[in-house]
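This briefing covers helix packing, salt bridges, a surface patch and model confidence.

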Amino acid sequence: MRKSRFTEEQMVKILRETDRTPVPEVAKRHGVSEQTIYAWKKRFGGMNVDETKRLKQLEAENARLKKIVAERDLEIEVMKEISAKKW
């Protein structure tokens, strides 16, 4: 996946600018296309900066928990194979 030039917090700040200024003007000022701003609006439309930070934390925690669950599943499978071979 392509890494964005802007953080999620910066994206939300740019979206807040579009509330006061026309989208083409904001897009030109920040060097992004109008379509990009509309895509951001679709993703982050009703959020503020604090909510995006919280979303980022939750996504990181979710990834960590998924990794832990995958490791546990692997350990369980290995233990099943070991116990099946002993009998």
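Val 23, Val 26 and Ala 27 are the buried residues of α2 (buried: under 20% relative accessible area, exposed: over 50%, partly exposed: in between; 1.4 Å probe, protein chains only). They span an arc of only 100 degrees around the axis, so they lie on the same side of α2; the arc is that of the directions from the helix axis to the C-beta atoms. The model is predicted: local features need pLDDT of at least 70 and side-chain atom pairs pLDDT 80 or more, while totals for chains, interfaces and linings use all residues. Residues are numbered from 1 along each chain as its sequence is written, and side-chain values use heavy atoms, without hydrogens and water.

**Helix α2**
- Its buried residues pack against α1 and α3 (34-44), contact meaning heavy atoms within 4.5 Å.

**Salt bridges**
- The count is four salt bridges, each a side-chain nitrogen of Lys or Arg within 4 Å of a carboxyl oxygen of Asp or Glu.
- Glu 17 pairs with Arg 29 in a salt bridge, with the closest N and O atoms 2.5 Å apart.
- This pair links distant parts of the chain, Glu 17 being in helix α1 and Arg 29 in helix α2, twelve residues apart.
- Glu 17 is buried at 16% relative accessibility, whereas Arg 29 is partly exposed at 46%.
- Arg 29 also meets Glu 25 in a salt bridge (3.4 Å, N to O), and a network of salt bridges links Glu 17, Glu 25 and Arg 29.

**Confidence**
- The protein averages a pLDDT of 88, and 94% of the residues score at least 70; pLDDT is the predictor's confidence in each residue, from 0 to 100.

Technical notes. Helices (H or I, at least four residues) and strands (E, at least two) are DSSP runs, numbered from the N terminus.
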